[in-house]
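Please open the structure in your viewer and keep the selection tool at hand. The tour below says what to select at each stop and what is there.

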Amino acid sequence: MSIIVAEVPEFRIKYKDVFHLKNLYVMIHEYLTEEGFLDKDQNSGSQEAHRYAESLYMEKFIQKGIHSGGKEMWVWWRTLKTPEGKYSGYYRYLLDFDFHIVYMKDEEIVHQGKKMKVQNGEIEFFIRPKIEMDYKGEWANHWLLKHFHRLYYGRLIKYEFEKREKELWREAYRFQAKIKQFLNLRTFIPISDAFW
């Protein structure tokens with residue numbers, strides 16, 4: 001039985017304009033893979049990295065009438081990361097990432113002299129990072145250790161989890177800034193480009 005120790009406050013991004021859904025989807029997938037947030041099976045190959053991460057994909061077509069019509073989509077990704085370092089077998093990071101798109105319609109625009117198919121609509125992202133301890137259940141299922149689990153966490157490694165919570169907050173903030181950079185929204189920290 002695992003226990004959620006810390007929940008970093010939720011990050012949200014709301015955007016209403018023209019966007020390229022496929023490129024956005026691929027960028028988010030690649031970023032999460034590079035940062036080590038994978039599915040529950042922890043597959044590290046780029047093709048299999050999020051095979052089971054997508055727990056919900058829903059599309060709903062809305063006809064014109066009351067609303068402006070278009071398509072509504074919900075996508076839920078549940079990823080996790082086992083950080084390296086001290087106590088790495090005892091805890092892991094969870095990242096719940098959802099996006100909700102409404103009034104989405106396909107359009108054609110001309111960009112740099114070429115026609116492109118893009119989407120127009122309103123998209124909202126939800127990023128909820130958490131820290132989970134004893135995710136293997138080694139302490140909770142052990143006949144002796146289960147009695148000392150609360151003491152071990154409260155007295156010995158509580159400060160380590162406070163440091164890890166700040167680290168997770170920074171990672172989630174970088175992820176939020178990367179999405180904002182893709183959508184040309186204002187970010188409050190500079191994002192460096194990857195150096196290859």
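An axis here is a line fitted to C-alpha atoms, for a helix over the stretch in contact, and the angle between two axes runs from 0 to 180 degrees, taken between N-to-C directions. Keep in mind that this is a predicted model.

**Stop 1: two helices**

Select residues 21–35, helix α1, together with residues 149–182, helix α2. Their axes come within 11 Å and cross at roughly 155 degrees. Angles over 145 degrees count as roughly antiparallel, so α1 is roughly antiparallel to α2. The crossing of α1 past α2 is right-handed.

Now show the side chains where the two helices touch. On α1, select Asn23, Leu24, Met27, Ile28, Tyr31, Leu32 and Glu35. On α2, select Glu171, Arg174, Phe175, Lys178, Ile179 and Phe182. Colour this contact by residue type: eight of its residues are nonpolar, one is polar and four are charged.

**Stop 2: strands β4 and β5**

Select residues 70–81 for β4 and residues 91–111 for β5. These strands run antiparallel, joined by ten bridges. To find one place where they face each other, pick Lys81, which stands opposite Tyr93 in β5.

**Stop 3**

Pick Arg92 and look across to Glu132 in β6, which stands opposite.

Which residue in the turn of this hairpin has a positive phi? Go to the two residues between β5 and β6: Gln112 has a phi of about 55 degrees.

How values were computed:
Residues are numbered from 1 along each chain as its sequence is written. This is a predicted model: local features need pLDDT of at least 70, side-chain atom pairs count only at pLDDT 80 or more; totals for chains, interfaces and linings use all residues. Side-chain values use heavy atoms; hydrogens and water are left out. Two strands pair if DSSP finds at least two bridges between them. Helices (H or I, at least four residues) and strands (E, at least two) are DSSP runs, numbered from the N terminus. Angles under 35 degrees count as roughly parallel, over 145 as roughly antiparallel, 65 to 115 as roughly perpendicular and the rest as oblique. A crossing is left-handed if the near helix is turned anticlockwise from the far one by less than a right angle, and right-handed if clockwise. Contact means heavy atoms within 4.5 Å. Ala, Val, Leu, Ile, Met, Phe, Trp, Tyr, Cys and Pro count as nonpolar, Asp, Glu, Lys and Arg as charged, and the others, Gly among them, as polar.
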